Amino acid sequence: MSAHLAGDLTFRVLGRVRAFRGEAEIPVGPPQQVALLSALLLRAGHPVTFDDLADALWEHDLPKSAATTVRTYVWRLRRVLETDPSAPDILLSAGDGYRLAVEDSAVDVWHAEALTRQTARLKAEGRVEEAEESAARALALWQGTTLAGVPGPFAERRRDSLEELRVFLQEERLELAIRLGRFQSSLPGLAELTAEHPLRERPHALLMRAMCAMGRQSEALAVYDRVRRRLAEDLGVDPGQELVGEYTRILNGLPAVDAPSEPQGPGAATGVRPVAEYVPDPSENRAAQEGRPAETGTDRDRQRTGFLPAPAQLPAAVPFFVGRDELGRRMCELLTASDQRALTMVAVSGMSGVGKTAFALHVAHRVRHHYPDGQLYADLRGGSVPPADPFVVLGSFLTALGASADGLPEELDDRARLFRSLLDRRRMLVVLDNAHDVVQLRSLLPGNAGCAVITTSRPRLSGLDATAHVGLDVFTRQEALALLEEAVGPSRLSAEPDAAGELVAACGHLPLATRIVAARLAARPAWTIASLVRKLADERGRIAHLRLGDVAVDAAFELGYRQLSAPQARAFRVLAPVAEPDLGLPAVAAVLGIDEDSAEEVMESLVDGSMVESVAPGRYRYHDLLRAFARTLPWPADAEPCGAILRRLLDFLLASAGAAFRHVVPGDDVHDSFGPLGGAGLDFADARTARAWITEEADGMLAAVRQSVGDPAALRTATDLLIALSAFGQEVPPSRLAEQAQALAQAAEAHADRRTLGRARWLSGALALRAGDPAGAEPLAAQAVAACRDTGDKAILRQALNDLGLAAQFLGRYEEALAHFDASLALAEELGHRSGRVATTLNAALTRIRGGQAREAVAPCEAVLSDLRSEGDDAAMTAYALYVLGLALHGESRWQEAATRFAECLGLCRATGIRDRAAHAGYRLADTLTRMGDLDGALRHAEWALTEAQETGGDRELATARLVLGRVLAERGDADRARGQLEEAYETFSRLGLPEARQAADALETVGGPRAGRP
């Protein structure tokens, strides 16, 4: 496309997403396609990776067809944006993703941001009228709700941030209007803005300013009183400096300051603002006007008990506090409740570096004004040896409260009683940081309901009778990025958004680690974020880089590690290399060589000490940095070598996965070739429990396989484990198995392990077939056949010959396919493999159907189906037999019989959860119903099958579903929709080199589609 035509393209996202070439609007497609376009527009000019696009569309539970769906949307967008979609220069490929090559000025959101910057510049230069016009022009770009109707998590996040920009611009424009003396005209906008955002302080301050300027001081003061009460009731906080300043100015009759206060723009402060030390209360002002102080209950108590000092010992809060908003709000509500009948105590716990002290001090500063008699603070040094002595801590507290140091009691209990006596009838806040245990705390607690205590500790102090136990987790990704932005600035973060995400991920979103890297970057403006990411890339060396001066992550972790008993420390070190991402209790017991009860006792004690997490009952996970720290520790002298630990885990996993395999593929004798097994595994009551276990353990099993690539002694077990997992296509994504199988094959080849090579190559080929790539599967199956013949691995040789037949069948070489199937059947008979004989018989029947010999396929299918029904133990194979028999009957034009078999197959698949075969049966039933003239039924099944194929199938299955749906639509006279489905089917079949491309081309001709490139 020429630069001139590219310059004619404009896009709108501030409202409904729209695209224009000049004045003509361009269709942007269905909602999910618009979501993809939005992700590209909001990163215009920058590459957007496939992972980011997939996250924008789905976030979790990506369908198996995600890559195909993204390519399809891109192909459609190129058709409307490019003059020559085959040679794009607007929507460009970039790595595994795409880049939209348009100027910032072509997208309304970037225009709005440019006008926002211009407004700020004009305002700073004192050009108030021009600044107000600039803000108004920016606001005029909004045409409704941003990204209206666009689905997906990315759109939701950006919708929120762009709404924040819109509100900020409204505030700026209204403030500028007030400066220009337009008080009356600004009131409606301010009234609307304060109603929409009742807790946002700046609009209320502006409303007060405008009212006061019009002589309506009493109404302005009423606005302050109303918002002050709302902030206290909803958030437990007082008004901020701007609102308090406006109130004080009006109360004292002072003129408005001409210079604006520092704008609270988007991203200006992601932490929580400091709370004012003192907030005027109307009752206090009335008392002052009457010449007397405002008396409180505490004042009356002071008159009775005499004056005591009001210590203010809280250390300063962290300068940039981010996140924990909802949790902080709840804690503030708890600590400021007016109806307390007993001591209020909040116990905060969590792993080292998670920000317990920062959170405790943040909350303490927010509620300190509710405790006018003072705040006490002590670091109890819970991780030190020895920890702080309560006797000494009480001495410090008592002297701070006015007691004479010379007259302090000599016994701990006496000091505790005196402490409680001095705090009686007083409202004081006590912060006990870094507690060791409950015993240390008991003497340090006040006794009356007017006081409150915040404690922090690494272990959860379950024996502490706290009002609330708060377990702090690590930051979310957004919170970690917000902290990073506070330190390095928004421009530096926006210049490297991907690297920023990688950096906080490398820190495991741990607040301490994130603060360290943020401080390092802030101190080194010449460093790029990516350069620090590279330093942290190696997990083994990562901990060494997470230090700044005397602050270090490993030092924080070391405090907790030193408190572990010998069995706890051994388990913590030994499990770390293999606990990825987590481990179940049976696996822990197998690795440690102990029974499950003993294993649970050790692991739960590590959970109590915040050294590992319990993600579910009986499941344990290391934080990434704690795992990295554990791997830096010396290996226990009494433990087996690390490689032996991994092999022990693999033996347990293979034994258990093999048992699960038997339940879902009954009669498949491949299981008997696993091993040799080095230990016992789990057993399962039925296929359902077997599948549930596989689902829970899949990530851990794949992680163990990945580690085995570097250990020649583990390759054979790891490959057999992958083969066992291949039976669970719905629980374990085949793409993940394929990646691991390729790595195992390369490792086996490097170590001249022909048996493992044959198995890994066969598995790779089988997965390629499942993904609809017979051309890629064929050479892999051929290599497997050669290696298995060399090693005498007949069980896998039979499978590889069967897969060679399938590849040849898909590629249209039917006689060759039948020869491979005959060889596979001969081995099945020799080995006595019933399930292998059944599967290959059906594959051969399917080959005859595709080769135009449907009549010869009917009898073998009926015989196999009868055999399967008599055994009644293999739903998946029974469904396949029904499917192939349906195809044979369809090929014989026996439509009603074919429809009956497809419907029976579909019902069985739905009842047993075999979704991929259900999709096949659905679109074949639709094809048969079309022949029978039932176009409504055909459309219903075809559309359902397409949805299922998008979730469960490979490219070939998805293209077949589109082909069938296109035919149904063509029969119904819906040529436009038919053409769209058939074009996509033709493109996929052609790309895969499959003969079905000819069928798609023929169908396209019937709806006026092109035949360009028809085979």
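**First stop: a serine in a loop**

Select Ser-610, which lies in the loop between helix 28 (596-608) and strand 14 (613-616). Helices (H or I, at least four residues) and strands (E, at least two) are DSSP runs, numbered from the N terminus. The model is predicted: local features need pLDDT of at least 70, side-chain atom pairs count only at pLDDT 80 or more, and totals for chains, interfaces and linings use all residues. Residues are numbered from 1 along each chain as its sequence is written, and side-chain values use heavy atoms, with hydrogens and water left out.

Although Ser-610 is not a glycine, its phi is positive, at about 60°. Most residues other than glycine have a negative phi, and most peptide bonds are trans. Is Ser-610 buried or exposed? Its relative accessibility is 13%, so Ser-610 counts as buried. Buried means under 20% relative accessible area, exposed means over 50%, and partly exposed covers the values in between (1.4 Å probe, protein chains only).

**Two further backbone features**

Now select Ala-752, in the loop between helix 33 (734-750) and helix 34. This residue, again not a glycine, has a positive phi near 55°. Ala-752 has a relative accessible area of 64% and is therefore exposed.

Next, select Glu-580 and Pro-581, which are joined by a cis peptide bond with omega of about -15°. Pro-581 is placed in the loop between helix 26 and strand 13 (583-584).

**The whole chain**

Zoom out to view the entire protein chain. Its secondary structure comprises 46 helices and 15 strands. Taken along the principal axes, the box filled by the C-alpha atoms is roughly 110 × 75 × 50 Å. The chain has 1015 residues, of which 53% count as buried. Contact means heavy atoms within 4.5 Å. Among contacts between residues at least 6 apart in sequence, 68% join residues at least 24 apart.

**A pair of helices**

Select residues 217-235, helix 10, together with residues 241-251, helix 11. Two packed helices are described by the angle between their axes and the distance between the axes. Here the axes come within 10 Å and cross at roughly 150°. Axes are lines fitted to C-alpha atoms, for helices over the stretch in contact, and angles run from 0 to 180 degrees between N-to-C directions. The crossing angle makes helix 10 roughly antiparallel to helix 11, a term for angles over 145 degrees.

To display the contact, show Gln-217, Ala-220, Leu-221, Tyr-224 and Val-227 of helix 10, and Leu-243, Val-244, Tyr-247, Ile-250 and Leu-251 of helix 11. These contact residues divide into 9 nonpolar, 1 polar and no charged. In this division, Ala, Val, Leu, Ile, Met, Phe, Trp, Tyr, Cys and Pro count as nonpolar, Asp, Glu, Lys and Arg as charged, and the others, Gly among them, as polar.

**Salt bridges**

How many salt bridges does a search of the whole structure find? The search finds 71. A salt bridge is a side-chain nitrogen of Lys or Arg within 4 Å of a carboxyl oxygen of Asp or Glu.

Select Arg-570 and Asp-638, whose side chains form a salt bridge of 3.4 Å, N to O. This pair links distant parts of the chain, 68 residues apart: Arg-570 is in helix 26 (residues 566-575), and Asp-638 is in the loop between helix 29 (624-632) and helix 30 (642-664). Arg-570 is partly exposed, at 26% relative accessibility, whereas Asp-638 is exposed, at 58%.

Proceed to Arg-619 and Glu-696, which meet in a salt bridge of 3.8 Å, N to O. Arg-619 belongs to strand 15 (residues 619-621) and Glu-696 to helix 31 (residues 687-708), 77 residues apart. Arg-619 is buried, with a relative accessible area of 5%, while Glu-696 is partly exposed, with 42%.

Then select Asp-793 and Arg-759, joined by a salt bridge of 2.7 Å, N to O. Both of these residues are buried.

Finally, display Lys-123, Glu-164, Glu-171, Glu-172, Glu-175, Arg-179, Arg-200 and Arg-202, which are linked in a network of salt bridges.

**Last stop: a threonine**

Select Thr-146, in the loop between helix 6 (128-139) and helix 7 (153-179). Thr-146 is buried, with a relative accessible area of 3%. Not counting residues up to four places away in sequence, Thr-146 touches Val-13, Leu-14, Gly-15, Arg-159 and Leu-162.

Note on methods. Parallel < 35°, antiparallel > 145°, perpendicular 65-115°, else oblique.
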